[in-house]
Amino acid sequence: MIPELAKASVLMRDRSRVEETIQAMQRAGPDALQVISDFDMTLSRFAHNGKRCPTTHNILDNDLLINDTCKKMIRELLNTYYPIEIDATRTVEEKLPHMVEWWTSVHELLIQQKIRRDLLAQAVKQSSAMLREGYKVFFDRLQEQQVPLLIFSAGLGDILEEVIRQNHVFHPNVHVISNYMDFDQSGVLRAFKGQLIHTFNKREGALLHAAHFRELKERPNVLLLGDSLGDLTMADGVAHTQHALTIGFLNDQVEERKESYVNSYDIVLVKDETMDVPNAILNYITTAPAK
């Protein structure tokens, strides 16, 4: 049905259920579809030519914005907390307080640096951040078919938007839920807005933004993309889901995490830096079935 699903990097727990879901979503058509996606390491690349690509937080690791002491402290926090985030032996409940500590500490450090809003675009331009290969096809297809794309990110919304804008795919159908900076009147970072979003509290974030999902109540089919088990709760704000298909990018520590991903996501993409599989599925769903 979709040749891309036969790639060696594609794992599925229940292929026939995946195919049935895709066919049901195709029969309902693009008008019944909404797409919910994580950003860092899902729409953006995990690595390129063997080198890690930056997350939206990592993009701030720039002399324009933060000093060497701050960089060092943020790196130490990453080395402390990232292994906890991806530790397959710990439950989400065990990880939660550590994630809150991590995000809160990073945000406090950034506020102390008095980051200037007018330098963010330049920092993005100078960074090695990249969207996954095939991103333009993905964003453009959703816009053409008028399918809403909700980007739900524990990263930095201001940076995320700038990455999308500089890649010329910030279309009107794109809505972002993320951590946004609060700048004072002179354009200097003074705080972060609203509730903190980290890897494992996206369910609460989804329920807080229930109004967004209510607007889309005529779209009961969900295509969800993520790279963490915490991303699976991003669609919890959708009140009446008819069909949901989840695609997980397994970027790192493959052997340790493969089993939990295959048991949790419908489709798992192992070390795949492209949008080939989501694009093929999206193309199939949004193309009218042959009579």
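Among the elements that cover the buried residues of helix α6 are α4, α5 (135–144), β5 (149–156), β6 (174–179) and β7 (181–183), where buried means under 20% relative accessible area, exposed over 50% and partly exposed in between, for a 1.4 Å probe and protein chains only. Eight of the ten residues of α6 (residues 157–166) are buried, so this helix is largely enclosed by the rest of the structure. The model is a predicted one, in which local features need pLDDT of at least 70 and side-chain atom pairs count only at pLDDT 80 or more, while totals for chains, interfaces and linings use all residues. Residues are numbered from 1 along each chain as its sequence is written, and side-chain values use heavy atoms, with hydrogens and water left out.

**Helix α6 and its end**

- The buried residues of α6 are Gly157, Asp158, Ile159, Leu160, Glu161, Glu162, Val163 and Ile164; helices (H or I, at least four residues) and strands (E, at least two) are DSSP runs, numbered from the N terminus.
- Just after α6, His168 takes a positive phi of about 60°.

**Aromatic pairs**

- Rings of Phe, Tyr and Trp (its six-membered ring) pair if their centres lie within 6.5 Å, and planes under 30 degrees apart count as stacked, over 60 as edge-to-face and the rest as tilted.
- By this rule the count comes to four aromatic pairs.
- One of them joins Tyr81 and Trp102, whose ring centres are 6.0 Å apart with planes at 15°, so the pair is stacked.
- This pair links distant parts of the chain, since Tyr81 belongs to helix α2 (residues 68–85) and Trp102 to helix α3 (residues 92–112), 21 residues apart; both Tyr81 and Trp102 are buried.
- The rings of Trp102 and Trp103 have centres 5.0 Å apart and planes at 65°, so that pair is edge-to-face, and both residues are buried.
- Tyr81, Trp102 and Trp103 are linked by ring pairs into a cluster.

**Charges over rings**

- The charged end of Arg52 sits over the ring of Tyr82, 5.9 Å from its centre, the criterion being that NZ of Lys or CZ of Arg is within 6 Å of the ring centre and within 35 degrees of the ring normal.
- The charged end of Arg132 sits over the ring of Phe249, 3.9 Å from its centre.

**Packing of α1 with α10**

- Helix α1 (residues 15–28) and helix α10 (residues 276–285) pack at an angle of about 45°, with their axes 8 Å apart; axes are lines fitted to C-alpha atoms, for helices over the stretch in contact, and angles run from 0 to 180 degrees between N-to-C directions.
- The two helices are therefore oblique to each other, given that angles under 35 degrees count as roughly parallel, over 145 as roughly antiparallel, 65 to 115 as roughly perpendicular and the rest as oblique.
- Ile22, Gln23, Met25 and Gln26 in α1 meet Ile281, Tyr284 and Ile285 in α10, contact meaning heavy atoms within 4.5 Å.

**Single residues**

- His107 lies in helix α3 and is buried, with a relative accessible area of 6%.
- Not counting residues up to four places away in sequence, His107 touches His57, Leu156, Asn179, Phe192 and Leu196.
- Met41, in the loop between β2 (33–37) and β3 (47–48), has a positive phi near 70° and counts as buried at 5% relative accessibility.
- Lys114, in the loop between α3 and α4 (120–126), has a positive phi near 50° and counts as exposed at 56% relative accessibility.
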